[in-house]
Amino acid sequence: MRRVLALLLVLALLFTGCGKKAPVPQPQPQLSQDITLKTLVDGLVEEYELPLPAVMDDTLFTGLLDISLKDVVQYHGYISMDTGAPDQIIGIEAAEGKAEALQKLMEARRRFVTAAQGEGTAQHAKAQSGTLLFRGNYLFLVIAGRPDADPAAEAAEIVEKLEDSFS
């Protein structure tokens, strides 16, 4: 009797997982071969003419975005030091499992910057057109645009450039 019960238990354990396949992990989007987070962000800063750009160091990065450095693999960013200018370009590669939490913090930053601008001004329109882009573990916040350019058109152009940077 014990042998029969043991045999039934073994068979039940063997057949419990049959027919189920483990989910195949999808590869995370990666920057194209010759592009780094730094070169991508630096290129956008140069092209979209950030006024008085300052490189974000660890103190500025963690203070403005409320992000812990342990949640980040790497980051590179600039913020305009021009009074009243909402311009900032920030790229982040999130640590594994942290992208969703960082996305919420980046969205909060964009809302804060937009609210800080006077409604009806060119700076407010630029902040409202700010771009948030998320690809796998990469996150980008871009509030930038050339003077006298349409903020919405600039935002669409920036999204296209970011999208083209991934393989």
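The following legends describe close-up views of a predicted model.

**Figure 1. Overall arrangement of secondary structure in the protein chain.** The chain contains six helices and five strands, where helices (H or I, at least four residues) and strands (E, at least two) are DSSP runs numbered from the N terminus. From the N terminus on, the order of elements is α-α-β-α-β-β-α-α-β-β-α. Of the 167 residues, 37% count as buried; buried means under 20% relative accessible area, exposed over 50% and partly exposed in between, with a 1.4 Å probe and protein chains only. Among contacts (heavy atoms within 4.5 Å) between residues at least 6 apart in sequence, 64% join residues at least 24 apart.

Figure 2. Ala99, Leu102, Met106, Arg109, Val113 and Thr114 are the buried residues of α4. Seen down the helix axis, these buried residues fall within an arc of 130°, so they line one face of α4; the arc is that of the directions from the helix axis to the C-beta atoms. Glu100, Lys104, Arg111, Phe112 and Ala115, on the other side of α4, are exposed. The packing partners of the buried residues of α4 are α3 (58-65), β2 (72-80), β3 (88-94), α5 (122-128), β4 (131-135) and β5 (138-143).

Figure 3. Leu37, Leu40, Val41, Leu44 and Val45 of α2 are buried. The buried residues of α2 pack against β1 (53-55), β2, β3, β5 and α6. Following α2 is Glu49, with a positive phi near 55°.

**Figure 4. Packing of helices α2 (residues 37-47) and α6 (residues 151-164).** The two helices pack at an angle of about 155°, with their axes 11 Å apart; axes are lines fitted to C-alpha atoms, for helices over the stretch in contact, and angles run from 0 to 180 degrees between N-to-C directions. α2 and α6 are therefore roughly antiparallel to each other, a term for angles over 145 degrees. Leu40, Leu44 and Glu47 in α2 meet Glu157, Lys161 and Leu162 in α6.

**Notes.** Residues are numbered from 1 along each chain as its sequence is written. In this predicted model, local features need pLDDT of at least 70 and side-chain atom pairs count only at pLDDT 80 or more, while totals for chains, interfaces and linings use all residues; side-chain values use heavy atoms, leaving out hydrogens and water.

How values were computed:
Parallel < 35°, antiparallel > 145°, perpendicular 65-115°, else oblique.
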